[in-house]
Amino acid sequence: MSEPAKDRRKERLDRGIKVRTDGIYAISHWTEIAYLLTPRLLFIVGLLLAPVILIPFPYWQRVLSIVCIFALLAISFDFLANYVGLVSLGGALYMGVGGYSAALLNSHFGLPPLVTVPVSTVLGGAICTVLLLPCLPLRGVYFAIVSLMFPLLAGRIIEALDVFGGTDGIMGVDGFSSGWVEQYVLICSVLAAVFILRRMVSEDVGLVFTGVKDNDQAVKASGINITTYKAFGVFISSMLGCLGGACLAHIYMWAGISQFALDFSIIPIAATVVGGGGTLIGSVIGCIILVPISEFLRDFGTLRIAVYAIILTAFIVFKSEGIMMYGTRKYEQFERWVRI
Amino acid sequence: MEIIIYGIINSVTLALMALGFTLVYGVSRLPNFAHGALYVLTGYVAWMLMYRVGLYYPIAMVLSLIITGLVGAAMYQFVLVRIRGMAISEIIASYAIGLAILEGLRWGGLKGGTITLPPFVDGSIELIGVSVDYQRLIVVLIGVLLVGLLWLFVNRTKLGLALKGMAQDERAAMTLGIDSDYMAVVAMALGSVLAGIAALVLFPLGSIVVESGYNVLIMAVAVCIVGGLGSWNGAILAAFIIGFAQILTQVYLGAHYQVVVALVAIIVTLISRPSGLFGRQKELEERV
Amino acid sequence: MNQEPLLVVEGVSKAFGGVLALSAVDLKVYPGDILGIIGPNGSGKTTLVNSITGFIQVDRGKILFKGRDITNMKPHKIADMGLTRTFQVMRPYYSLPAFKNLIVPLFSPRARRTGGWRGGGKMGSRDTVAVDILEEIGFERDSYIPYKTASALPTGYLKRLELARCLALRPEIIICDEVLSGLSMSEMASMVPLMEKLQMEGITLVMVEHRLRELFRIANKVVVLNFGCKIAEGSSDEVMESKEVKEAYFGSEEEVFSYV
Amino acid sequence: MKCKRKLVSMISVLLVLLLFPTFSALAAEPILIGSPLATAFLYGWDAEKAIKLAVEEINAAGGVKVGDEKRPFKVEVIDTRDLEPGVPVSEALLAVEKLIIEKKVPFLVGGPVRSEAALAAMPLIAKHKVVSILTTGALSPKYHEMVEQNPDKFKYLFRISGEAKWMVVGELIPCLQQIQKDFNLNRLFIMVQDVAHARNGGGILAKVMPTKGWTVLGDPVVFPTGATDFSMALLKAKKENAEVIIIWMDMPESAILLRQWHDMKVPALPFGTIIAAAEQPGFWKATDGKGEYCLANVVNAGNAPSKATPWTMKFVDAYEKKYGLEPEGYGTSSSYMAVYVLKDAIERAGSLDPDKVVDALKKTDLMGVYGRIRFNPKNNQVIPSLDPEEGAVGTVFQWQAGKRVVVFPPKIATGEILLPPWMKKKE
């Protein structure tokens, strides 16, 4: 792309095929159908096949699981931030609560992973919602800061009170029966989360969430209790995080204080920023990119974090729309220079 | 007795850590989450200049302050100015820059806690039966001096008044011919220098480690939130409240509850009194 | 009118910092009324609206709606009882089409209880109900206007959208915070009959206004506020004649006429 | 909708994924040793240096004799990041998995360093039947207790470095007894970091010492990881006339504690059970010499110069020659030794089969850098002793005039404990 000159500007137009596929004509010809389905199928089939493709590289299968866990956290962040309007920097809280509840359910009550994961998802979601309930009236930065404090505090409290295994954590948690179960539980959860949430936000409930985010005064004046909806949003998002935490506990057969670690709060946010906020799929893509990068950079020690930080800053400052939005735009529109 | 003396020392330490943060936020509404990184950077640069380049201690200190100020200004000028007003982006971007500086330093060899700055005056003194080292007294002295100078600067100089104007109402200040971007750069540089001064007086008490960057950031944020973001009086008051609370918990409850105190203070303050101790009504509306 | 008043405000006071924004304001609104509240800038009109609808907490006094004490109740509960309001600063959900703006109120418990607009029951989806309401309020049904994104609508339509948002709740009272200000002459001309139509449909209106001429035409009672105090009450003519109003509000007679 | 971009990125990620592992698969000839270590931190980097030193020496001498052929060692170090603040333990586990699954290492020597990471990695390592020798960091007795409880499952897990219980019962308490005898000191003050091994260790001391004629002043003072101000506790120690201060902290900030101790002239001998800062040769500089008279336990001999065995000084000199400074933290000599022990076991087993190597390891009896190395057959923990002829000896040294002088155990001591000038010897 050349330098913008003074006497011309860039014009963006929807592609013909995009316009055609907006309406009922979408099913009129295979090209239209393909236009609509290809990216979606690519995403779904790609994710579903990934474990199979990665059979020769068992280590990367495991990385895929981690990618999915971070993706769940990123979706949770994206949903809460861009659809409910609560920017939560405390993804690690969900992670920890989910991990601990799964580990406790498994080691104290002997429930198998396939039971503890859903139970701790719901239970953990409820616990997180109750914990965050007093903070819900806060907005913007203030909610962000308080939510950032929660995981730190939770870790400290477990440490100070020496409960749940103290600093050693809970060991001897059962693993998933096989790697396939682990991966497909996670992949299906990610896909389900993305598509259910994307559907939900375009339904009437989703409009209420948007309303709470855009203009909570008007929502209040419409006779809707915004705290209920915020709590509901937090519940959904913390359920996703707890699901990730529970899976992590079972993958590593262990839960400990470090599940409240800052990384679980920061990386999902970075992924969302890189992938494109407000698209839900974007945050998944962000994780697919960032987590492997982190693996490649492992040999460079702490430089990894510095590189991460620079990528993040660059995206936030220069390409704040994120990869997903950028991709969508390129897919749906073409650009040309026009004279003015 | 030692509770009072060390409470004061601890409080002034916290105030020093928080001063730069609250100045930047107060003037340009920019939560500078790279604060801790600038703190460590100053200490490291001063150490480098002293032991690797071989400059005199005072010269090294002044130079390192200048460098930190420039880094802060550059950070604003080249990165943060593009995302002014988007609070969350500001937090993430400044935190990321801080992270890059801190972890870059660690990668570049700042590890293990074996480097430190020498104290200004060595030794200790008995003060009403409590032994205190001179460096801590200097910390208190400089802290008080700095607050005084800052007050004079803000209330008596043209630049300071302009900054104060910005802090109160950015738009009105702009209509009065104050260049808000320039002022924000100045504030950022000044805030960085304040972080640097804190580093130079506090590092001789300990060793220069990357982790202290994170601690300083947490404490600065805690103090500023409890005091009401952007309010200088509030920050100082909050530094004393948290400072004494920490010393008291350390004496009566156990040192490992110290951080818990700060965190609980933040959460309780935000939930019960969102604008902080000294926040203004306008801000209250923003928050709730 | 010997009925029970629908809305009663008794001695409501509110101070911000040291400034008394409302001091012991009394008000009675009867069913079917169009009550006008006027007053110079900073006289506490919007504060009064905010107090009644629960958006701010009052310091003293009592507010009764349909005989129930609603003082300092949560805004959404008050709205749920049928007391709704518009906002002076319009903030529709800009990214949504106009009719989608109504989905939020239609989704509220009250709207669901009362079965949407007209006739009750499940009369089609919320979208159709929303378009119905917009038509009611003056959006041309078969035009593209109800489907346009809110950010592209002119002020007049945005004000109507605010009203429509209230109507979606099937309210008993709508408190209109300056729906007429900022409109062009023609827009205003069509707004006034709309208000009258709403009154005909049995909705009680409280109108907080700057535009005295139009207000006086439709209001059957006017209350004047100044510095947080009620200084006059009565029919529009009575208020116009009131000496306190002229002195406190209008200053001198010449200014009255230049203003009206 | 969406995403040519997504396609491109996914394909490129896949491509990279496909290409990456092929690099490492090529070299099959050397015997791989995986070292999961927090390389950016003390207990990580020192262990890394020591392991590399040992591998270099072994390879220079011809390598490891497996059956008939001689094969060299090759180290794969991976950064576990487990000492970084804010990084979850799962990162370390992922690193261990990377070594096992991708690099296909049959042996692990080193970490994970942090106790909870080491503990969390146990099931994982056992699952893959990888022989692991823990050499640095984790001191938690829970490690070998777990092995003892589950000898079949965890039989692949060895620890060649010391553990907290022995350090307290076997070294610290006898050493304190000696101090009591020599200087007539008996008022003890305990400061620990808020991690499990330190709190447990502090608790044991507080319980045991009163029975040995000591007065323990209050409960152990617990400091959070990363604390930077210790003055309140020091003041308390001073006020209550403490005579020995036990410090158990594996964080670098403990250097601050000693500077404060010096500046306040607290008349008590600082005794670091684990005191990360004081273990390093750079400590003297870090405290401007204010850490003089500090005692520190570096777990195993050889981490400070001494004459425990003929090999000790050989190791210290070799390390100093290669890296320009004396061995650093408490994981150095043990990491070095672990490679030799592994070599010995492989040569005796004559194969790389994990079960055979485990059997050989269990029969290890080697005169090493820090004494006679044998593993307890019940729990695979190296057998400790105060006599280098009998087992692995520890080392307590004192900083004296810029040098680390070994003062305990008596058999390997190179000097006497000195009191700071502001402490008067009690009669």
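This is a predicted model: local features need pLDDT of at least 70, side-chain atom pairs count only at pLDDT 80 or more; totals for chains, interfaces and linings use all residues.
Consider first how the chains meet. Chains C and D, in contrast, are joined by no contact. The closest C-alpha atoms of chain C and chain D lie 20 Å apart.

Chain D also meets chain B, with 30 residues of chain D in contact with 32 residues of chain B. On the chain D side, four elements each supply at least two residues: the strand β10 (221-223) and the helices α8 (231-239), α9 (254-263) and α11 (283-286). Helix α8(D) gives the largest share of that side, namely four residues. Sorted by class, the side of chain D that touches chain B consists of 18 nonpolar, five polar and seven charged residues.

Within chain D, the domain assignment gives two domains, each made of two stretches of sequence. Domain 1 of chain D covers 28-162 and 308-373, while domain 2 of chain D covers 165-298 and 395-412. The C-alpha centres of domain 1 and domain 2 of chain D are 29 Å apart. Between the two domains of chain D, twelve residues of domain 1 are in contact with 13 residues of domain 2. The domain 1 side of this contact in chain D divides into six nonpolar, four polar and two charged residues.

A helix of chain D shows how buried residues pack within the chain. In α5(D), residues 142-149, the buried residues are D:K142, D:Y143, D:H144, D:M146 and D:V147.

Two packed helices are described by the angle between their axes and the distance between the axes. Helix α2(B), residues 35-53, and helix α3(B), residues 57-78, pack at an angle of about 140 degrees, and their axes are 8 Å apart. The helices α2(B) and α3(B) are therefore oblique to each other, and their crossing is right-handed. From α2(B), the contact is made by B:L38, B:L41, B:T42, B:V45, B:A46, B:L49 and B:M50. From α3(B), the residues in the contact are B:Y57, B:A60, B:M61, B:L63, B:S64, B:L65, B:I67, B:T68, B:V71 and B:G72. The contact of α2(B) with α3(B) has 13 nonpolar and four polar residues, and no charged ones.

Chain C contains eleven helices and ten strands. Of the 260 residues in chain C, 46% are buried. Among contacts in chain C with a separation of 6 or more, 66% are between residues 24 or more positions apart.

The last stop is A:S222, a residue in the loop between α9 (216-221) and α10 (226-251) of chain A. Is A:S222 buried or exposed? A:S222 has 28 C-beta neighbours inside 10 Å and therefore counts as buried, since 20 or more are needed for that class. Leaving aside residues up to four places away in sequence, A:S222 touches C:A79, C:V104, C:P105, C:S108, C:R165 and C:L169. Along its own chain, A:S222 is 15 residues from A:L207, and the C-alpha atoms of A:S222 and A:L207 are separated by 13 Å.

Notes: Residues are numbered from 1 along each chain as its sequence is written. Chains are lettered from A and ligands numbered from 1 in the order in which they are written. Two residues are in contact if their C-beta atoms, placed from the backbone, lie within 7 Å. Ala, Val, Leu, Ile, Met, Phe, Trp, Tyr, Cys and Pro count as nonpolar, Asp, Glu, Lys and Arg as charged, and the others, Gly among them, as polar. Domain bounds come from an automatic or database domain assignment. A residue is buried if 20 or more other C-beta atoms lie within 10 Å of its own, exposed if 12 or fewer, and partly exposed in between; C-beta atoms are placed from the backbone. Axes are lines fitted to C-alpha atoms, for helices over the stretch in contact, and angles run from 0 to 180 degrees between N-to-C directions. Angles under 35 degrees count as roughly parallel, over 145 as roughly antiparallel, 65 to 115 as roughly perpendicular and the rest as oblique. A crossing is left-handed if the near helix is turned anticlockwise from the far one by less than a right angle, and right-handed if clockwise.
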